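Dear colleague,

Please find below the sequence and structure that I am handing over to you. A short account of the findings follows them.

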Protein chains: 2
Amino acid sequence: MPHTDYDCNLGCPIEATLEVIGGKWKSIILYHLMEETLRFNELRRVMPEITHRMLTKQLRELEQSQLVARKVFPEVPPKVEYSLTSYGQTLHPVLSALQIWGIEHLKTSSE
Amino acid sequence: MPHTDYDCNLGCPIEATLEVIGGKWKSIILYHLMEETLRFNELRRVMPEITHRMLTKQLRELEQSQLVARKVFPEVPPKVEYSLTSYGQTLHPVLSALQIWGIEHLKTSSE
DNA sequence: CTGGATCCAACGCGATACTG
DNA sequence: CAGTATCGCGTTGGATCCAG
């Protein structure tokens with residue numbers, strides 16, 4: 001890709017993306033939701049290190065970014081499903097790139 | 001891309017990548033160094049919003065990650081050039097993916 | 001089960017001043 | 001020009017408790 005004049009001063013695209021998927025948890029959440037719809041506690045199970053509070057918070061932000069959809073089932077006990085929106089799906093190439101490089105990086109740094 | 005068993009619990013590749021290029025500034029610095037070697041103050045000029053202190057700090061961390069090379073010219077006044085290492089170059093696809101999605105995202109969110 | 005609210009410690013980061 | 005050291009504020013985020 002050419003070094004365009006999106007010069008990262010005004011509305012830098014890279015920064016914009018990181019704004020949305022950056023942080024310690026968002027991309028991981030998105031990654032897990034890429035394949036399957038998950039409930040709140042299912043997400044906690046696949047991400048044992050995130051705290052209850054943070055998961056809630058991150059999910060709210062992903063909702064606001066239109067990347068994640070929240071579906072509430074009016075039941076007792078409550079049931080809430082989280083899934084990617086179609087817009088969220090467009091992040092697939094980005095997450096793939098991150099994952100691919102990460103795999104190589106982990107290999108390299110463990111040598 | 002298949003949903004492999006890099007399940008993001010133990011040594012998650014995505015997290016590993018973000019560990020290295022994440023944060024508000026690192027990817028931007030890498031982006032600018034992708035095309036050309038730059039001196040300290042040249043970097044500041046293309047990134048007007050970063051503070052002196054933060055630029056120094058981020059550059060040190062990128063050095064430690066082996067992504068950026070620091071070359072000091074023993075002159076007065078001092079001259080220091082920063083460039084990508086060959087390892088740093090391998091991030092090209094990742095940064096491209098971030099940039100491409102960001103461009104679309106900015107378009108979308110401004111509508 | 002899902003999730004909000006509060007308290008509080010830890011850290012990030014800017015501002016500033018100082019060096020070779 | 002390039003870089004370090006110190007201070008101090010603001011935000012982040014963990015622990016905990018409460019609620020539908």
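The notes below cover the DNA contacts and then the contacts between the protein chains.

This is a predicted model, in which local features need pLDDT of at least 70, side-chain atom pairs count only at pLDDT 80 or more, and totals for chains, interfaces and linings use all residues. Residues are numbered from 1 along each chain as its sequence is written, chains are lettered from A and ligands numbered from 1 in the order in which they are written, and side-chain values use heavy atoms, leaving out hydrogens and water.

Around DNA strand D there are 17 residues, a residue being near if one of its heavy atoms lies within 4 Å of the strand. M54(A), P78(A), H52(B), R70(B) and Y82(B) come nearest. Phosphate oxygens of DNA strand D lie 3.0 Å from a side-chain N or O atom of R39(B) and 3.3 Å from one of R60(B).

Between the protein chains, 47 residues of chain B are in contact with 47 residues of chain A, where contact means heavy atoms within 4.5 Å. Two salt bridges are found across this interface; the term denotes a side-chain nitrogen of Lys or Arg within 4 Å of a carboxyl oxygen of Asp or Glu. K24(B) forms a salt bridge with E15(A), with the closest N and O atoms 2.5 Å apart.

Yours sincerely

Terms used:
A polar contact is a pair of N or O atoms within 3.5 Å; within protein, one must be able to donate a hydrogen and the other to accept it, and residues adjacent in sequence count only if both atoms are side-chain atoms.
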